[in-house]
Amino acid sequence: MSRLCLRGLALVLFCLPSLVLSEAEWAEPDEALLQFRYHGAVNTMISGRYDGEQFYLPLSELFEILGIDYRLDPDGRRIEGFFLESDRDYRIDLDAGVAEIDGRVQAFDSDRFVVTELDVYFLPRFYEALFGLSFSVNLRRLTLGLTTPDTLPVIAEQERERARGHTQIPGGMREEAPLVFDRDRRLLGGAFFDYAWASRYQGGEAVHNYSVRGGGEVLGGDLQGAFRGASPGRAFDTSLDDLRWRYVFDPNPALTQFQAGRMASGGLEGRSHRGVRLTNEPITPRRHFGSYQLRGQTEPGWDVELYINNRLVDTVEAGPTGDYSFDIPLGYGSQQTTLRFFGPSGEFEEEERRLTIPSGFLPAGEVNYSLDAGRTDVEGRDLLHSSLAAGLTDRLTLGVGVDYLEPFVDEDFRSAVFYQRVNYRLGDAHLFVLENAPGALQRVFVSAFYPNQVNWETRLTRFSDHPLYGSSGVRSEASGSLFVPFTAGEHRFAFRLRGRATDREQRATTYSWNPEIDVRYRRTLFSLGLEKARGEARETHLTGGTRTSLARRGFLRNLIVRTRYRHDIRHSRGDTFQVDATASFTRSARLRMSWQHDRPTGENIAELALTFDFDSARSTSTYRAGRGTSSAVQTFRGSVAYDPDHGRLVGQSRPMTGSAGATFRAFVDYEGTGTFDSGDDIIDDRLVRFREPVSLRSDPDGVDRAYNLMAYRRYSVDIDQDRVRNPLWVPSLPEFSFVTDPNRFKPIDIPFYVSGFIDGTVMRKVEGDKRPVGGLRLLLTQVDGDYEARVPVFSDGSHYHMGLSPGEYEIQVDPVQLERLGVRSEPEMKRFIIQITREGDFVDGLDFILRPTEQSAPGVETPGGR
């Protein structure tokens, strides 16, 4: 161990004399190792030269690391290649003392470079003058930095990798890490509970409501249900509702899931019922095939969660201007959609809407079916549904289905309705959906979304007199929307238009339309619109409003002020005016104040709300006062979960039932058992990094917990090794993926091992003597993994490398450098194994002899280790 420490100390302080062929009559520069890091893409050691005043940096070594093209002639006197682009040729002539790039010639002095057998070393100012590469050396830390206005090839490659795998692109297109932790079925496991309590006090009376929604894993499937209660008097009326059990099968094209309990049926118009369902539809949404974009705006930096039918679909973070967007997979129909907004200081907003999302698109060659049977909740009728859809091409999907609804004795209608559905995608912008149920319903949906963010959609529906479809005597309806963003100068504008028309029996056609334009100026969003409606009465209103972020620091942080004015044009008078202010005065406390004036009645309504948002619960107290009346409401909401694998009860303010979680425990596995044992040390450095936004929290027990993950979905994780407090600890799993289990935390242990250390020498046989060869590099490769490294050889011929995880490795002298020197290595390669030990394994004897190429050498040697 003492030998390892001495060599580790040498890594920082080491400077040895170098055998160089200097171009000038001054003292030979010494060799010095520099730690070179660049934008997270480069982290390696390079061998520089130091003459006591300035550093010389190796050109070929740096250019190879940065991915810059270069060619060095055999005698090392001429270097040429292209810089970043194939038409930007450069040439460096050492004998002439000139360098040329882009037709620009620059002369340099002989004291600005050093030549060795393996590389050419230049001063940092040479790289900056010729290539715009500004290198800086920190003598105290022995580090090398780099700044440049250009995007270097190594960074371009990193950005391409991120674009392919690590950014917020649809999950099916994201590069997945190796699957290590697959689905783990349990007969009984997990316990997630969401709770809510509300008490309302008004006029000396109190009304209380509560709900508890719970979920767990039962018989290998997910079970969930809810208890709800209310007390208009002293006694509570309690009911069990929304009970449902679902079993998800292993990947199987014939059957993916079975459900029993309360659910919504498929078909053109889903109906709530209690029954069973069989289907082969995918468990998690398809994302690699096609999507429909949902856009909106909130506060910058807020987290936005998208729920469809109370199921978490995706999470994004709003951009610098508050804009957000979701790529909703083309597999949903008209569904209840919920958006939940979470601010950095615990702010919370929720928005519910019913969206018409194009449904039924399938990849070419895929066939999906669904079978439902049960009894409707409201009417108590027997219900049957079956559907079949096939992707003929990636742009055309055809579907058929049948809906059956039991008629009552005095009713006369066709109980079974057959329908057809056509889904077509024209290019990447236009979607067409046609649904036809003869004698019952016809519907057309058309939408478009263009690269400039302009989008529109329209929906036309015609109903016949059938109880399965339509309600309230509606014969037909049409709706549409248009969104056009544009800029004028430095200001961003957005024009919106929404409209709807409905034709009812024995009533006049009603319609409404609402144009609106928004403009953002600094921190304020201004809006101006018109609301026009025609039906039994005609109404026209002019609307206007603002939304301003006034303060981000101080006592009132994240202060947001909203105003809204509504003017009645028909009666030429103001209608309502409202002002609302929300601010955070601690990390977990928010205050909201609002005042509304109703001009026709002259009534003023004031409201004051105080919210405390903790890690495991949210409390909101609201007081409302108007003309002669007042009321107070107190609510509590949150969720709790039991983590049996770590014996801990955890909670949060967001709902968890129906979702999944994961726990990550990193520890130093001293004995190499792969499991956490007594004596192992927990690493509480928050090392887990997901490849997409998730809610991740570090708890006091040293475990990182991920909340609100989608059940049955695969997630990829990387271990952030730069955050490990001990550089000798290396993870057994630098990256991995796992499949979540429903309504429970999936336990994931991440063993770390004490890394190994290697050393040896490289000597050149010259006339019977062994002479050190500095400036060489060795190529180190893990046989049973993907680790690769470049190991520098010092001027005394020694080399060493630290931080090796247990496993089998191969090491060899760089063949390119061997060819340049006209020698071959004896042996060509060495193979060794790093064992798991408490203090870290140490392997020495990795020695190589370089001989002229005409002499033979053995192929592979396997040294011993200790």
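## Exercises on backbone and burial

R686 lies in the loop that joins β47 (681-682) to β48 (688-690), where strands (E, at least two residues) and helices (H or I, at least four residues) are DSSP runs numbered from the N terminus. The model is predicted, and local features need pLDDT of at least 70, side-chain atom pairs count only at pLDDT 80 or more, while totals for chains, interfaces and linings use all residues. Residues are numbered from 1 along each chain as its sequence is written, and side-chain values use heavy atoms, with hydrogens and water left out.

**Exercise 1.** Find what phi R686 and E767 take, and state how accessible each residue is.

Solution. Most residues other than glycine have a negative phi, and most peptide bonds are trans. R686, however, has a positive phi near 50°, and E767, in the loop between β55 (756-766) and β56 (769-772), also has a positive phi near 50°. For accessibility, buried means under 20% relative accessible area, exposed over 50%, and partly exposed in between (1.4 Å probe, protein chains only). R686 is therefore partly exposed at 36%, whereas E767, at 76%, is exposed.

**Exercise 2.** Determine whether the peptide bond from E826 to P827 is cis or trans.

Solution. Its omega is near 0°, and the bond is cis; P827 itself sits in the loop between β61 (823-826) and β62 (829-834).

**Exercise 3.** Work out where the buried residues of α3 lie around its axis.

Solution. In helix α3 (residues 124-131), the buried residues are P124, F126, Y127, L130 and F131. They lie on the same side of α3, because they cover an arc of only 160° around the axis, the arc being that of the directions from the helix axis to the C-beta atoms. Just after α3, G132 takes a positive phi of about 75°.
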